[in-house]
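Please keep the sequence and the structure open while reading these notes. Each point takes up one part of the chain.

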Amino acid sequence: MIALALSVLISVYTLLPKIDKNTTALYLEEGVKTAGIILLVTGAGGALGAVLRDSGAGKQLAEQIAGLPISPILIPFIVSTLVRFIQGSGTVAMITAASISAPILAQIPGVNMLLAAQAATMGSLFFGYFNDSLFWVVNRMMGINDVKKQMIVWSVPTTIAWAIGGSLVIIANLIWGNDGSITDLIFPLGILALIMGYVQIQSKSYSR
């Protein structure tokens, strides 16, 4: 924040000798309009992530998921996916998933903790949308205002990356991990199939 503030001040004092104050104010106003929503979403997402972590809701969520008949490697992956979808920040999602899943996974013998950490990381890529600050950065920089196009440009690719990354972690767990199952691939690949179906439907609607 300090670096950004200094950059703004330097920019203002650099521009003032060349353009008038009113034009400089217009440039600043335009910048606030573009960056304001990004800062607001980032702050709100971080606050919600802290609430999930400190209130114990995230831990209860992880315990509920751990009680499902799934492979241990899917616990951090699903937790990270849900946290990402709820509050938007990928960083908060992976940190929250890793911190609340680690104690549960530590009680399960033979779990590859490195792959579990990678699963938490891959889960944080899931479907970036309106509460994801990078969603706004990408779409604002590209000048995309239509909601459907925004989702196709950012939400769909992040979900594809989520599915591919999650599938690779699951495959790695089948080779080097423990208690893995080939059926674990159903979750990420099933979501990927739904997303690709959505993209095809949207592509047909735009081509008409």
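1. A residue counts as buried when its relative accessible area is under 20%. Thr159 has a relative accessible area of 0%, so Thr159 is buried. This is a predicted model, and the value is computed from it.

2. Thr159 sits in helix α8, which covers residues 147–176. Neighbours within four places in sequence aside, the contacts of Thr159 are Leu125, Phe126, Phe127, Ile191 and Ile195.

3. The largest nonpolar core has 31 residues, and Ile73, Leu74 and Val79 touch the most other members. Two or more residues of this core come from each of α3 (57–66), α4 (74–87), α5 (90–106), α6 (113–123) and α8. Leu74 also touches Ile170 and Asp184, when residues up to four places away in sequence are not counted.

4. UniProt, in an unreviewed entry, places the feature "transmembrane region" at several stretches, including residues 65–86 and 106–130. In the model, residues 65–86 are 68% helix and 0% strand, with the end C-alpha atoms 16 Å apart. Residues 106–130 are 48% helix and 0% strand, and there the end C-alpha atoms are 35 Å apart.

5. Which residues of helix α7 (residues 133–142) are buried? They are Phe135, Trp136, Val138 and Asn139. Viewed down the axis of α7, these buried residues fall within an arc of 165°, so they line one face of the helix. After α7 comes Gly143, with a positive phi near 70°.

6. The whole structure contains nine aromatic pairs. One of them joins Phe85 and Tyr129: the ring centres are 5.3 Å apart and the planes are at 25°, so the pair is stacked. Phe85 belongs to helix α4 and Tyr129 to the loop between α6 and α7, so the pair ties together parts that are 44 residues apart in sequence. Phe85 is partly exposed, because its relative accessible area is 38%.

7. Trp162 and Phe187 make an edge-to-face aromatic pair, at 5.5 Å centre to centre and with 85° between the planes. This pair links distant parts of the chain, since Trp162 is in helix α8 and Phe187 in helix α9 (residues 186–207), 25 residues apart. Are the two partners buried or partly exposed? Trp162 is buried, with a relative accessible area of 0%, whereas Phe187 counts as partly exposed at 31%.

8. The residues of both pairs belong to one aromatic cluster, formed by Phe77, Phe85, Phe126, Phe127, Tyr129, Trp162 and Phe187. Phe126 and Phe127 are also among the contacts of Thr159.

Notes
Residues numbered from 1 in each chain as written. Predicted model: local features only at pLDDT ≥ 70, side-chain atom pairs only at ≥ 80, totals over all residues. Heavy atoms only, no water. Helix = DSSP H or I, 4+ residues; strand = E, 2+ residues; numbered from the N terminus. Buried < 20%, exposed > 50% of the residue type's maximum accessible area, 1.4 Å probe, protein only. Contact = heavy atoms within 4.5 Å. Core = buried A, V, L, I, M, F, W, Y, C linked by side-chain atoms within 4.5 Å. UniProt positions renumbered as here; feature names shortened; annotations may be inferred. Arc of directions from axis to C-beta. Phe/Tyr/Trp six-rings, centres within 6.5 Å; stacked < 30°, edge-to-face > 60°.
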